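Please look over the sequence and the structure shown below before reading the report that follows.

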Amino acid sequence: MLSRRQFLTLSGGAAVTGAAAWAGLVHERTTSKPSTSSSSSPSSNLDRVLVVVQLSGGNDALNTVIPHDGRYHDLRPTLAIADDKLVALTNAPSVGLHPALQPLVPLWDAGQLAVLPQIGFGADSRSHFESLAAWWTASPEHRHTTGWIGRWLDATGVAKDNPLAAIALGNGSAPALRADHAQSTAVNDLAGFRLLTPRSLDGAQLSAAFAASAAPISSDPVEAQAQAAIAAATRAVDLLSKVSASTGEDGEGGDLTQGLAAAASLIEMDLGTRVFFVSASGFDTHANQAAEHEQLLGDLATGISSFFAALDKSGHSDGCCC
Amino acid sequence: MVPPNVAGWPLGPVWLGASTVVARYDLAAGVAAATPDGNPALTAATEFDLPALAVALAHPEGFTDATQTALAQVKRDGRLVLALALASPELSLC
């Protein structure tokens, strides 16, 4: 029988935890822009930050960036969004945005939003799992078992001694960060991410001792990895508790709004994080699509616009690509 | 035991992610708080008899130096010792 130790050391196989994903909205701020903050420029160790937003389940792209094309209406007799409801984009006469994406318009007008439609890969087997593996590994031919961000972390060494160099927020986002060597931090559920000790026990003492068990590092590599995970997790719990303290009560906004708000706060804390991978599920809207999709896209648009508003305020927006 | 999807559970170090570490801590603390008096593991923990505690938790190899040092920090409360032992790296691996 497979022991847990063997199980943990298995690196092969396409480990898949989510559902089909799509991210077609690219927001980039690469041009130099004066900071709206009166404080000085972002500190030097925050070079560029990439924020990837994954819409797990596979977003309905045709009802997101919607073509002004008769065929669209013919083929979607019940789900088509009426032309007069679409959000117009300057200089993009052939398409309009879903009404829920209205908050993104100022970003488009400022030249900070780009749409890269119809991106995929050949030889699609139509398997959700193969597609996700291809998406996370950026390797449709299954040549890699590591994630594309994980390989970048390994190649650049930015995660060396900093497990917070790459942070995944939300379920199903971690595989993109999987690396041969680099440690990263994956938080499945932001709201539940805390060390909970029953009231009858001394939580402060227990969590302090738990953090202490991460050092000194064991000579056994797998045990050392488990210790490193404890060190990274306890630090991340501590940091994210400060984030939720500064952003107010939990449960405000959808998963993407919350995840992106946490990312903005963490960028402000300047922890050397270079990649955030924010993921929310539910985009496989099979039933009740019209209402659910509207809500999900609203969360996406609010999340992205609030994210950049927060960064503008803290003076960190120049180096961010979402 | 509901797997995340029809592909089943993933393999590999994803089980040592930050969220699983936190979940393991929460479970260990909950189990330690709810363990009835007289339980052999709790008795060994209260007496701070670490070899006996390791045996009671089906890990006769014993605890690493790092874990023993951390356990000593909570020595005065057997339930904290039990919780920490349950959440230790060695018991996460087996």
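## Nonpolar cores

In this predicted model, the largest nonpolar core has 85 residues, and those with the most contacts inside it are F276(A), F307(A), L53(B) and F63(B). A nonpolar core is here a set of buried Ala, Val, Leu, Ile, Met, Phe, Trp, Tyr and Cys residues joined through side-chain atoms within 4.5 Å. Buried stands for under 20% relative accessible area, exposed for over 50%, and partly exposed for what lies in between, with a 1.4 Å probe and protein chains only. In soluble globular proteins, nonpolar side chains tend to be buried together.

When residues up to four places away in sequence are not counted, F276(A) touches several residues, among them V49(A), L50(A), I167(A), L169(A) and L266(A), where contact means heavy atoms within 4.5 Å. A second, separate core of 16 residues includes V52(A), I149(A), A159(A) and A179(A).

## Salt bridges

Over all chains, the structure holds six salt bridges, each defined as a side-chain nitrogen of Lys or Arg within 4 Å of a carboxyl oxygen of Asp or Glu. One of them joins the side chains of D238(A) and K242(A), at 3.6 Å from N to O. Both residues lie in helix 7 of chain A (residues 221–246), four residues apart, which is about one turn of the helix; helices are DSSP runs (H or I, at least four residues), numbered from the N terminus. D238(A) is partly exposed at 40% relative accessible area, and K242(A) is also partly exposed, at 44%.

The side chains of D37(B) and R79(B) form another salt bridge, at 3.0 Å from N to O. This pair links distant parts of the chain, since D37(B) is in the loop between helix 1 (18–34) and helix 2 (40–46) of chain B, while R79(B) is in helix 5 (residues 78–86), 42 residues apart. D37(B) is exposed, with a relative accessible area of 68%, whereas R79(B) counts as buried at 19%.

## A buried charge

Which residue is buried yet has no salt bridge? It is D26(B), for which the nearest side chain of opposite charge, R194(A), is 8.0 Å away; Lys and Arg count as positive and Asp and Glu as negative, while His and the chain ends are not counted. D26(B) lies in helix 1 of chain B and, leaving aside its neighbours within four places in sequence, is in contact with R194(A), L195(A) and L196(A).

## How to read the values

Residues are numbered from 1 along each chain as its sequence is written, and chains are lettered from A and ligands numbered from 1 in the order in which they are written. Local features need pLDDT of at least 70, side-chain atom pairs count only at pLDDT 80 or more, and totals for chains, interfaces and linings use all residues, while side-chain values use heavy atoms, leaving out hydrogens and water.

Note on methods
Helices (H or I, at least four residues) and strands (E, at least two) are DSSP runs, numbered from the N terminus.
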